[in-house]
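This briefing goes through the sheet, its helices and the ligand surroundings of the structure shown below.

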Amino acid sequence: MTAERGEEIRNIIGIYHLSKRYNEKFALDDINLHVANGEFVFLVGPSGAGKSTLLKLIYMDDFPTEGQVIVGPFVSTQMKRSKVSLLRRKIGVVFQSFRLLYDRDVFENVAIAMRVTGESSYEIKKKVAQVLTQVGLYHKRNEMPSTLSGGEQQRIAIARAVVNSPAVLLADEPTGNLDPEVTEEILKLLFHINAGGTAVLMATHDLALVKQFGQRILFLRDGRLQEDKILGYKGDLSQRLERIQKDPGRFGPGWNPGTK
Ligand SMILES: Nc1ncnc2c1ncn2[C@@H]1O[C@H](COP(=O)(O)OP(=O)(O)O)[C@@H](O)[C@H]1O
Ligand SMILES: [Mg+2]
C-alpha cells in the first residue's frame with residue numbers, strides 16, 4: 001500500500017490547494033487541511049471568513065476554482081452531478097436555520113433522508129425511531145416542527161443528518177439561533193454523535209463558545225487558514241463532556257435505545 005492510499009483511509013476529508021473565487025474576490029485562498037476519520041474539529045472565523053463556502057465545497061454543492069476536495073472515495077475534480085447524491089449519504093449537513101419541512105411531521109422530516117436510498121419502509125421506520133430516540137425526541141415524532149422549540153428543531157435536523165449513518169457531519173453555525181443553555185445541549189449531542197465514530201466539522205464565529213473543549217480548532221480569516229491548533233480544557237462543561245464520552249449511556253433521554 002502506498003503512503004498516499006494510507007492517508008486516504010485515515011482521513012475522511014482531504015483538501016489540497018483549494019481556492020474559491022466569486023467574481024474576482026477570493027472567498028477561500030489556498031486551503032490545505034485534513035480531517036481524520038472520527039475526528040471532531042471546530043472551524044472558527046468571523047463573518048465573511050469563508051466558513052460556509054468551505055463546508056459547501058466539502059458537501060460539493062459548489063466546486064473549487066482551483067485545487068481539490070476529497071471526501072472518502074469522492075474527488076471534487078472527478079465528480080459528476082449523478083454522484084453527488086451518493087456523497088450526500090455519507091455526509092450529514094446541519095444549518096443555523098434548521099431547514100426543516102414545515103408541512104411534514106417530525107417523523108417524515110427525518111425519514112425523507114432515507115426515502116432516496118431505496119430502504120424498505122420497515123428499515124426506515126426502525127432507523128428513524130432509533131435516531132429520534134438518540135436525540136431524545138421520539139415522543140414528538142407525530143408533531144409538526146413549528147410546534148417545537150428552536151433547540152428541538154435543531155435536534156430533528158441533526159437526526160435527519162445522521163439517519164444514514166454518515167462518515168462525517170458538517171454543522172454550519174448550528175447554535176447560531178439558540179440561547180446558551182440550548183447551545184450547550186446541541187454541543188453535547190454533537191460530541192455524542194462523534195463518540196459513535198462520526199467525524200464532525202462544526203463552523204462557528206464564536207471562539208469563546210468552543211475554545212474550552214480541548215478540540216482541534218481551525219482558524220479561518222479572509223479566506224485563509226491562519227491556524228490549526230488545540231486549546232486546553234477549561235471550565236465545567238468540558239469535564240462533564242469528558243465523563244459523558246466515557247459513559248455514553250448517561251447522556252439525556254435515551255441516547256442509547258433501551259437506557260432510561
Ligand atoms: N455565492 C456567492 N457569490 C458571491 N460571493 C459569495 C458567495 N458566497 C460567499 N461569497 C463571499 O465569500 C466570502 C466568504 O463567505 P462565507 O463563506 O459565507 O463566510 P462565513 O460563512 O465565514 O461568514 C464573503 O466575502 C462572501 O460575501
Ligand atoms: Mg457562514
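In this predicted model, F42 stands opposite I217 in β9. The pairing behind this is that of strand β3 (residues 40-44) with strand β9 (residues 216-221), which run in the parallel sense and share 4 bridges. Helix α7 (residues 180-195) packs on the sheet and touches β3, β7 and β8 (199-204).

**Sheet**

- The sheet is open and has 6 strands, in the order β6-β7-β8-β3-β9-β10.
- Pairing within this sheet is mixed.
- β6 (91-95) and β10 (224-230) each have a single partner strand and stand at the edges, so one side of each has no neighbour in the sheet.
- On average, and with direction ignored, neighbouring strands are turned by 15 degrees against each other.

**Helices on the sheet**

- Helix α6 (residues 150-162) lies across β6 and β7 (168-172), and its direction is at about 165 degrees to β6.
- The direction of α7 makes about 155 degrees with that of β8.

**Contact of α6 with α7**

- The axes of α6 and α7 come within 10 Å and cross at roughly 15 degrees.
- Because angles under 35 degrees count as roughly parallel, α6 is roughly parallel to α7.
- The crossing of these two helices, α6 and α7, is right-handed.
- From α6, the residues G150, G151, Q154, R155, I158 and V162 take part, and they meet V182, E185, I186, L189 and I193 in α7.
- By class, the residues of the contact of α6 with α7 are 6 nonpolar, 3 polar and 2 charged.

**Contact of α4 with α5**

- Helix α4 (residues 106-115) and helix α5 (residues 121-134) have axes that come within 10 Å and cross at roughly 125 degrees.
- That angle makes α4 oblique to α5.
- The crossing of α4 and α5 is right-handed.
- F107, V110, A111 and M114 are the α4 residues of this contact, and in α5 they meet I124, K127, V128, V131 and L132.
- The contact of α4 with α5 has 8 nonpolar residues and 1 charged residue, with no polar ones.

- Around ligand 1 are Y22, A27, G45, S47, G48, A49, G50, K51, S52 and T53.
- Helix α2 (residues 51-58) gives the largest share of this shell, 3 residues.
- The shell around ligand 1 divides into 3 nonpolar, 6 polar and 1 charged residues.

Technical notes
Residues are numbered from 1 along each chain as its sequence is written. Chains are lettered from A and ligands numbered from 1 in the order in which they are written. This is a predicted model: local features need pLDDT of at least 70, side-chain atom pairs count only at pLDDT 80 or more; totals for chains, interfaces and linings use all residues. Two strands pair if DSSP finds at least two bridges between them. Axes are lines fitted to C-alpha atoms, for helices over the stretch in contact, and angles run from 0 to 180 degrees between N-to-C directions. Two residues are in contact if their C-beta atoms, placed from the backbone, lie within 7 Å. A residue is near a molecule or strand if its C-beta atom, placed from the backbone, lies within 6 Å of it. Ala, Val, Leu, Ile, Met, Phe, Trp, Tyr, Cys and Pro count as nonpolar, Asp, Glu, Lys and Arg as charged, and the others, Gly among them, as polar. Angles under 35 degrees count as roughly parallel, over 145 as roughly antiparallel, 65 to 115 as roughly perpendicular and the rest as oblique. A crossing is left-handed if the near helix is turned anticlockwise from the far one by less than a right angle, and right-handed if clockwise.
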